[in-house]
Amino acid sequence: MIQVRVRGRILIISSLFFLLVGISVLAQSHEQIASQTGLDPDLFATLTIDVGGKELRLFMVYVNERAFDSGITRNEKLRQILLLYVGSNALYINPNVKQVVDSFNFFPHQISVEQVGRPTFIPTANDWVEIREGFLAGRFQVNPEGSSYGSGSEGLLVMGEHIDPSQPFWVVYQGQRARFDLAEPTAVIPPTTSPIPTPSVVSPREAVEVASLEDVTDLEDALTHGDFSSALVAAHLRLDPSLVGTIIITSEDEELRLLLVRLEEGVRKGAFGAELLSNLEPLIGTGAVMIWALTPTGANFSPWQLHVQQSQTIYDFWFDSSFIELTEGFLRLGRLKSGEVAAGVILLHRQVNPHATFTVYYQTINTSTTFPNLPQQ
């Protein structure tokens with residue numbers, strides 16, 4: 001069991017956090033880490049310190065909404081911990097070494113933060129959060145990915161109002177300095193021990209039923225029964241095949257069908273009704289994918305199981321604001337009845353190039369559809 005100390009409280013977490021980067025950032029450049037993790041370059045920094053001939057590396061991430069667009073929080077438990085501190089002016093800190101060790105000469109109390117025009121912030125014990133037990137005492141654990149990734153620990157430094165995140169600041173440890181200069185101003189709110197509410201759904205119009213298709217009776221039967229290949233569905237919808245993808249998920253006696261439509265210029269020529277097109281208009285060309293979930297049998301469905309991969313980076317969706325509901329309850333429907341349709345739109349992460357090849361998958365990479373390159377507009 002792992003104890004997570006949260007501002008005087010201890011949360012019990014039943015398993016080690018899987019950190020996508022952590023130890024694997026050793027010896028990589030800033031650009032390589034940004035590419036591997038999907039983090040914006042201004043959100044993280046590293047410090048390398050020689051400790052008795054061993055290289056200690058501190059990997060630090062500023063915790064805000066943009067950090068959740070990256071791959072470092074794919075583990076649900078770590079994500080929930082970090083969500084508590086969005087808006088609290090906090091830094092996630094991961095000290096790590098190449099060796100397998102139980103403890104190391106790492107002293108969090110020696111970390112300070114400097115900013116021009118403000119007194120140096122020297123944290124006290126109350127400003128630290130232990131994500132891994134023993135973080136403050138320098139205790140390390142073998143990376144969950146295996147001993148070849150070395151050892152490390154995880155903690156959070158809550159800077160609160162000591163530092164103005166709209167201005168550059170420096171994290172200092174044993175004479176080494178790392179600079180943060182956030183590209184976007186961040187408002188600081190008091191820390192909380194309750195999960196911060198996710199942003200409300202951003203919707204350009206009121207929810208509309210997807211039945212605003214031309215020839216909907218024929219299409220409904222074609223989409224819920226028979227061949228569900230992307231080529232055939234594209235022909236039914238009168239769309240270029242490069243804009244359409246399909247996924248079929250079967251389990252026991254249930255079948256879930258997902259229709260994905262890239263919202264590019266070509267959708268205006270498709271078989272969509274005027275009302276639906278009117279609702280989609282603000283999203284066309286912005287990097288968005290419309291999702292329809294259908295089932296001939298009844299099946300479980302959750303849009304939170306959708307993921308996007310481009311190159312070697314996988315992007316998950318953590319916030320309500322990553323989706324737009326076209327049918328009421330799309331985000332939390334949970335289960336579709338036989339013949340029922342749920343529809344919504346996912347907004348691609350800004351790191352994803354919507355004109356380059358990318359893959360959308362549901363639950364696992366084995367149930368996926370890949371969209372090819374599109375010519376630049």
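**Ground rules.** I am reading a predicted model, in which local features need pLDDT of at least 70 and side-chain atom pairs count only at pLDDT 80 or more, while totals for chains, interfaces and linings use all residues. Residues are numbered from 1 along each chain as its sequence is written, and side-chain values use heavy atoms, with hydrogens and water left out.

**Confidence.** The mean pLDDT of the protein is 78, and 79% of its residues reach 70 or more, pLDDT being the predictor's confidence in each residue, from 0 to 100. I noted that residues 187-209 stay under 50 in pLDDT, and that the model gives them 57 contacts beyond four places in sequence, a contact being heavy atoms within 4.5 Å. Residues 211-217 are also below 50, with 17 contacts in the model beyond near neighbours in sequence. Where pLDDT is low, the predicted coordinates should not be read in detail.

**Positive phi.** I placed R238 in the loop between α4 and β14, where its phi is near 55°, a positive value in a residue other than glycine. Helices (H or I, at least four residues) and strands (E, at least two) are DSSP runs, numbered from the N terminus. Q174, in the loop between β12 (169-173) and β13 (176-180), likewise has a positive phi, near 45°, and Q174 is partly exposed at 37% relative accessibility. Most residues other than glycine have a negative phi.

**The five-stranded sheet.** I then followed an open sheet with the order β14-β15-β16-β22-β20 and antiparallel pairing; two strands pair if DSSP finds at least two bridges between them. The edge strands, each pairing on one side only, are β14 (244-251) and β20 (323-325). From one strand to the next the twist averages 25°. Helix α4 (residues 230-237) packs on this sheet and touches β14 and β15 (254-262), and its direction makes about 125° with that of β14; axes are lines fitted to C-alpha atoms, for helices over the stretch in contact, and angles run from 0 to 180 degrees between N-to-C directions. Within the sheet, β16 (residues 288-294) and β22 (residues 341-347) pair over seven bridges, and I found I346 of β22 as the bridge partner of V289.

Which residue of β19 stands opposite Q310? I found T313 there, with three bridges joining β18 to β19. Q310 belongs to strand β18 (residues 306-310) and is buried, with a relative accessible area of 11%. Its side chain has a polar atom 2.9 Å from the backbone nitrogen of N353, and one that lies 3.2 Å from the backbone oxygen of T357. Leaving aside residues up to four places away in sequence, Q310 touches Q351, V352, N353, A356, T357 and F358.

**A hairpin.** Last, I looked at strands β6 (residues 112-115) and β7 (residues 118-121), which run antiparallel and are joined by two bridges, with V113 opposite F121. The hairpin has two residues between the strands, and G117 takes a positive phi near 85° in it.

How values were computed. Buried < 20%, exposed > 50% of the residue type's maximum accessible area, 1.4 Å probe, protein only. Polar contact = N/O pair within 3.5 Å; in protein donor to acceptor, adjacent residues only side chain to side chain.
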